[in-house]
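Please open the structure in a viewer and keep a selection tool at hand.

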Amino acid sequence: MGLEFDDAFIQAEEHRPKPYISEAGGIPVIDLSPIIAGEEEAFSGLVAEVGSACKNWGFFQVINHGIDGEVLERIHAAAREFFALPLEEKRRVRRGEDNPLGYYDAENTKNVRDWKEVFDFVTNESAELPATEEPGEKRTDVFSNQWPEYPPEFRDVCQEYSKEVEKLAYKLLELISLSLGLSAKRLSSFFKDDMNFIRLNHYPPCPEPQLALGVGRHKDGGALTILFQDDVGGLDVRRKNDGEWVRVKPIQNSFIINVGDIIQVWSNDAYESVEHRVSVNSERERFSIPFFFNPAHYTNIKPLEELTSEENPARYEEYNWGQFFKARKNSNFKKLGKENVQIYHFKKALLAN
């Protein structure tokens, strides 16, 4: 791959992974077969399970989700083939500040370099973003996917996968909406001109896994993340009740779902976007494929009126999703010497009674 270990990868001591991470007391596993089979009598139980998982963990794993195992095998094989290419071949579709889509191997999370290489593409072939991070920016830039020539079936496989996962995303969004006491389709309209994108992650064996991370601790800025991972394991979630890191145990053909910052704001903190990271190991490479479910760039994010009241006033100022995303992307490219934008920057100073 070409990654050589140096000081840029070293995490501050307090953020380095411990040699042993527990898999006990892990995230809830939810069987989606009732919605796939249309079993209405089991539906309310499913909504309650999803609500409980979102409230207590911010994460859950789904099985029997309706996506064929062969679709998952094809995307996994395509990712393996692409990342096995020579570095100069992968860099033909290298992303940059002028186009954030394509291949990249020097991403930072919280100003420390991640031990990984990635390939990003949007599900609609192109995406529109504000031209700058400045408030009120009306100009937009359009970015298009960069597809490699090899593997030859790469583009078709990626597009097949994205269509299937997008369908699952809308089903999950409806369950989350119902669990908040909203109508099933209440959140769907925000995604009419979506900014959904998929990332192929490759974490090579790391010579110093006790010093580095595949992805440093972070929270996802979008609405919902749907992750497919191989059997190696490495995703760690910070457990809400005690702050300990817990390793998510891989379950074959399952997806890991987590609530992002947008749902935290829409729900007015009823559900929380939870910190997570990726640990690496010295023996086995690992592949994972997150789908980031994001609304249109022009969407302004604020707590939903139905979920606020006099007793529970809005906890966040409104902010623009496209500008938030743009600022986050820029911080992935270069060390800024400051923390990148977070939703707590939009927290209202609530007056004490």
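Helices (H or I, at least four residues) and strands (E, at least two) are DSSP runs, numbered from the N terminus. The model is predicted, so local features need pLDDT of at least 70 and side-chain atom pairs count only at pLDDT 80 or more, while totals for chains, interfaces and linings use all residues. Residues are numbered from 1 along each chain as its sequence is written, and side-chain values use heavy atoms, with hydrogens and water left out.

**First stop: Glu285**

Select Glu285, which is placed in the loop between β15 (276-278) and β16 (286-293). With a relative accessible area of 29%, Glu285 is partly exposed.

Contact here means heavy atoms within 4.5 Å. Apart from its neighbours within four places in sequence, Glu285 is in contact with Arg80, His202, Tyr203, Pro204, Pro205, Asp230 and Val232.

Which side chains make polar contacts with that of Glu285? A polar contact is a pair of N or O atoms within 3.5 Å; within protein, one must be able to donate a hydrogen and the other to accept it, and residues adjacent in sequence count only if both atoms are side-chain atoms. The side chain of Arg80 is joined to that of Glu285 at 3.2 Å, and the side chain of His202 at 2.7 Å.

Select residues 194-295, which UniProt lists in an unreviewed entry as "domain: Fe2OG dioxygenase". UniProt positions are given in the numbering used here, feature names are shortened, and annotations may be inferred rather than shown by experiment. Over residues 194-295 the chain is 6% helix and 39% strand, and the end C-alpha atoms are 5 Å apart.

Now select Asp220, in the loop between β10 (215-218) and β11 (224-229). Is Asp220 buried or exposed? Asp220 is buried, its relative accessible area being 7%. Its side chain makes a polar contact of 3.3 Å with the side chain of His218. Not counting residues up to four places away in sequence, Asp220 touches several others, including Asn258, Asp261, His276 and Arg328.

Gln264 is placed in helix α6 (residues 261-266). This residue is buried, with a relative accessible area of 9%.

**Third stop: the nonpolar core**

A nonpolar core is a set of buried Ala, Val, Leu, Ile, Met, Phe, Trp, Tyr and Cys residues joined through side-chain atoms within 4.5 Å. Select Phe119, Tyr161, Leu172, Leu200, Phe255 and Trp266: these have the most contacts inside the largest nonpolar core, which has 76 residues. Helix α5 (residues 154-179) provides the largest share of this core, 11 residues. Leaving aside neighbours within four places in sequence, Leu172 is in contact with Leu32, Phe60, Val62, Leu224, Ile226 and Ile257.

**Fourth stop: aromatic pairs**

Rings of Phe, Tyr and Trp (its six-membered ring) pair if their centres lie within 6.5 Å; planes under 30 degrees apart count as stacked, over 60 as edge-to-face and the rest as tilted. By this rule there are 27 aromatic pairs. Select Phe197 and Phe325, whose ring centres are 5.9 Å apart with planes at 70°, so the pair is edge-to-face. Phe197 is in strand β9 (residues 197-203) and Phe325 in helix α7 (residues 321-333), 128 residues apart. Phe197 is buried at 8% relative accessibility, and Phe325 is buried at 12%.

Select Tyr319 and Phe346 next: their ring centres are 4.6 Å apart and their planes at 20°, so this pair is stacked. Tyr319 lies in strand β18 (residues 319-320) and Phe346 in the segment after α7, so the pair ties together parts that are 27 residues apart in sequence.

**Last stop: the backbone**

Most residues other than glycine have a negative phi, and most peptide bonds are trans. Select Tyr150 and Pro151: the peptide bond from Tyr150 to Pro151 is cis, with omega near -5°. Lys110 has a positive phi, near 50°, and Glu125 has a positive phi near 75°.

Definitions and conventions: Buried < 20%, exposed > 50% of the residue type's maximum accessible area, 1.4 Å probe, protein only.
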